[in-house]
Amino acid sequence: MEITDRVAVITGGASGIGRELARRFHAEGARHVAVVDRDAAGAQTAAAEIGGSGFGLDVADEAALRAMVAEVERAQGPISVFVSNAGYVALGGLEAPTADLQRMWEVHVLSHLYAARAVLPGMIERGEGYLLNTASAAGLLSQFGSLHYSVTKHAAVSLAEWLAITHGHQGIRVSVLCPQAVETNIIANSPLRDEQGPNVASRDGVLQPGAVADCVMDAMRSERFWVLPHPEVAEYARRKANDVDRWISGMQRWQQRLFANTTHPADLLKG
């Protein structure tokens, strides 16, 4: 799909990948881009840069998300592209409060579900539409130190797969974005960043949001399901599929090296 003359919505759009995609969509000729973020001022600033509209809302609030979709479509016309991009990371394992997992589940999984519920009926009626859901390489592999992130990003990938399989014959295209380290607020605020311990996602380099946007635009044109800004992830996923026991053993060894001089998350359960 080409973005030219399309109406698009981008959540998590006040900064990072979302903001760069808003700029890129505008540059590529989108008719209108709606920028959505919990940071209402940030969303409005990002939208003002490109002549779009900004909305402050929590993507875990289905009613608020539906109201935003209805408002955009009333003012701008049918939404052709919905980028469900909001996310965050937190450190923790079995010891972390269940409420923390529930919150991350709402942001990383239910928000994608709510977006699909809101826009798919109209897209299906028109015979076309594009969902781009941001997950993570952690959704194809795993995430050292963060049980919640790993579980919810796997679920996000699974949800995207289901949507692609179930609605492809109705003209719905789905892509799932699975980067490793990108220079965004997630890296800046990560409890595993270099200042406090190993930056576990940066082994293959930390990309700038613009490089990720390049990869997204290419994937959308060819309508690829996996969007892998770090191409190494495809090889890691292949190794995992070919011999999962060997892959887990390798991950165990890597984890031990990473946490050799820091507090291992599993140690938080002791005592």
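This is a predicted model: local features need pLDDT of at least 70, side-chain atom pairs count only at pLDDT 80 or more; totals for chains, interfaces and linings use all residues.
Author: In α7, Pro209, Gly210, Val212, Ala213, Cys215, Val216, Met217, Ala219 and Met220 are buried. What covers these buried residues of α7 includes α1 (16–27), β4 (81–84), β5 (129–134), β6 (172–177) and β7 (226–227).

Reader: How many residues does α7 have, and what is its reach from first C-alpha to last?

Author: Helix α7 covers residues 209–222, which makes 14 residues. From its first C-alpha to its last it reaches 20 Å, close to the 20 Å expected at 1.5 Å a residue.

Reader: And what follows α7?

Author: Glu223 follows α7, and the phi of Glu223 is positive, near 55°.

Reader: Changing topic, how many cavities of 30 Å³ or more does the structure hold?

Author: The structure holds 1 cavity of 30 Å³ or more. The volume of the largest cavity is about 30 Å³.

Reader: Which residues line the largest cavity?

Author: Its lining consists of Met1, Glu2, Ile3, Met217, Met220 and Arg221. Met217 and Met220 are also among the buried residues of α7.

Reader: What is that lining like by class?

Author: The lining of the largest cavity has 4 nonpolar residues, 2 charged ones and no polar ones.

Reader: Now to strand β3: which residues are on its covered face, and which on the uncovered one?

Author: Strand β3 spans residues 53–56. Ser53 and Phe55 form the covered face, while Gly54 and Gly56 form the uncovered one.

Reader: In what sense do β2 and β3 pair, parallel or antiparallel?

Author: Strand β2 (residues 32–37) pairs with β3 in the parallel sense, over 4 bridges. Within β3, Gly56 is the bridge partner of Asp37.

Terms used. Residues are numbered from 1 along each chain as its sequence is written. Side-chain values use heavy atoms; hydrogens and water are left out. Helices (H or I, at least four residues) and strands (E, at least two) are DSSP runs, numbered from the N terminus. The expected span of a helix is 1.5 Å times one less than its number of residues. Buried means under 20% relative accessible area, exposed over 50%, partly exposed in between (1.4 Å probe, protein chains only). Contact means heavy atoms within 4.5 Å. On a 1 Å grid over the protein atoms alone, a cavity is a set of points where a 1.4 Å probe fits but cannot get out, and a pocket is an open set with protein on both sides within 12 Å along at least five of seven lines; lining residues have an atom within 4 Å of a point. Grid points are joined across faces, edges and corners, and a volume is the space filled by probe spheres set on the points. Ala, Val, Leu, Ile, Met, Phe, Trp, Tyr, Cys and Pro count as nonpolar, Asp, Glu, Lys and Arg as charged, and the others, Gly among them, as polar. Two strands pair if DSSP finds at least two bridges between them.
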